[in-house]
Amino acid sequence: MKKTLFFVALATAMGFNNAQAVDWDWKGDIRYRYESKIQEDQDHSRDRHRIRVRFGMNAWINEELSAGLRLATGDEDDPISRNQTLTNNFGGKNIMLDEAYINYHPMMFDGDVNLLLGKRETKSTLFVEDDLLWDGDLTLEGITLQYGKDINGKQKSGFGAIAGWYSINESKSEGDPYFVSLQGAYKGEASDLKYDLGVGYHDFVHYMPGYDLNIVEFFGSIGGDLTETVPWKLYGQYAFNTASHDDNFFIDDSERDGYLVGLKIGKAKKPGQIEGSVEYVHLESDAVASEFTDSDRNGGGTNCEGIKLNAKYQLIQNMTLGVTYFNFNDITGPDKDLTNHLLQADVVVKF
């Protein structure tokens with residue numbers, strides 16, 4: 001409350017006469033990460049320390065209009081990472097515009113419909129179960145029509161649908177790359193179990209010369225409570241590239257599938273609580289867009305399979321300690337028998 005009053009007073013002093021009518025929600029997080037990577041044929045690991053900083057706000061302007069923006073560390077040439085490595089003789093780190101969007105939600109639809117314009121994180125834009133298609137740091141740019149999400153991007157109970165258009169690049173030609181997404185999902189409860197199911201289609205146009213992607217995805221989860229404070233969730237994703245082999249000569253008919261299955265137990269939400277998860281991923285070369293999928297598995301990209309283990313502990317309020325281990329290898333190619341190990345240790349503070 002105090003910080004809200006501070007920013008309202010600051011805006012008023014700067015001449016924004018209608019600042020009192022805006023409800024500001026400020027939030028951010030800082031992550032410090034130690035990372036160690038080694039491949040089986042190498043004698044030494046690559047160790048590095050990295051930080052990720054994100055800070056932004058959501059503004060509820062009136063009943064039908066909200067907006068948001070967020071700044072973050074990162075590199076404009078890397079869409080799937082907001083990390084900055086501690087290097088360069090203590091040089092400064094890049095800060096970029098990570099989110100900037102308008103959200104129009106007309107009251108005639110009782111707040112169930114959102115029209116998003118601009119740049120927003122993927123999980124708030126689309127229905128996302130996990131990172132088989134989209135890295136967690138990716139922020140999509142374009143136009144989205146949502147039904148069944150609230151203004152914060154969380155899926156509501158019941159049926160939901162999304163249609164979106166997203167610009168990948170702009171080269172002042174008729175062949176600018178973009179993709180269109182259509183999704184439908186349902187979130188509900190049965191007895192003591194919670195579940196969600198969904199399907200999506202992502203049509204990449206002019207993605208690469210002679211190479212488009214037409215990705216069909218299925219996703220879902222089911223979960224409940226082992227005890228009052230220990231939930232569990234089983235979740236999964238499947239993606240298949242349906243693009244024609246005849247029209248897209250780069251695509252290998254035998255390398256079109258990808259899937260992810262995982263189990264999560266616990267929730268590190270309050271001090272003293274712990275959570276853990278295990279995932280298995282199989283992602284073939286032509287299944288999804290390689291530059292948008294998770295950046296940590298096997299060094300990023302597709303053509304990989306393996307296991308991801310994660311544990312997280314809430315040390316104090318707003319501060320968590322986490323460790324993640326990746327054990328992955330190539331599916332095909334000369335290095336398919338070499339295992340890539342990656343260990344990440346994180347300290348995250350949210351505010």
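**Loops and a surface patch**

Modeller: Let us begin with Asn88, which sits in the loop between strand 4 and strand 5. Keep in mind that this is a predicted model.

Biologist: Why is Asn88 called exposed?

Modeller: The relative accessible area of Asn88 is 62%.

Biologist: Which loop holds Asp110, and how do you know whether Asp110 is buried or exposed?

Modeller: Asp110 is in the loop between strand 5 and strand 6 (113-121). Its relative accessible area is 64%; the cut-off for exposed is over 50%, so Asp110 is exposed. Asp110 also has a positive phi, near 60°, without being a glycine.

Biologist: Why is Leu86 called partly exposed?

Modeller: Leu86 has 40% relative accessibility. Buried is under 20% and exposed is over 50%, with partly exposed in between, so Leu86 is partly exposed. Leu86 belongs to the loop between strand 4 (84-85) and strand 5 (95-104).

Biologist: What makes up the nonpolar surface patch?

Modeller: The patch covers about 980 Å², and its residues include Leu86, Ile30, Tyr313 and Phe351. Strand 1 (23-39), strand 15 (304-316) and strand 17 (340-350) each give two or more residues to it.

Biologist: Which strand gives the most to the nonpolar patch?

Modeller: That is strand 15, with three residues.

Methods: Residues numbered from 1 in each chain as written. Predicted model: local features only at pLDDT ≥ 70, side-chain atom pairs only at ≥ 80, totals over all residues. Heavy atoms only, no water. Patch = residues over 30% accessible without salt bridge, like charges linked within 9 Å, V, L, I, M, F, W, Y side chains within 5 Å. Areas by Shrake-Rupley, 256 points an atom, 1.4 Å probe, with all protein chains shown as cover. Salt bridge = Lys/Arg side-chain N within 4 Å of Asp/Glu carboxyl O. Helix = DSSP H or I, 4+ residues; strand = E, 2+ residues; numbered from the N terminus. Buried < 20%, exposed > 50% of the residue type's maximum accessible area, 1.4 Å probe, protein only.
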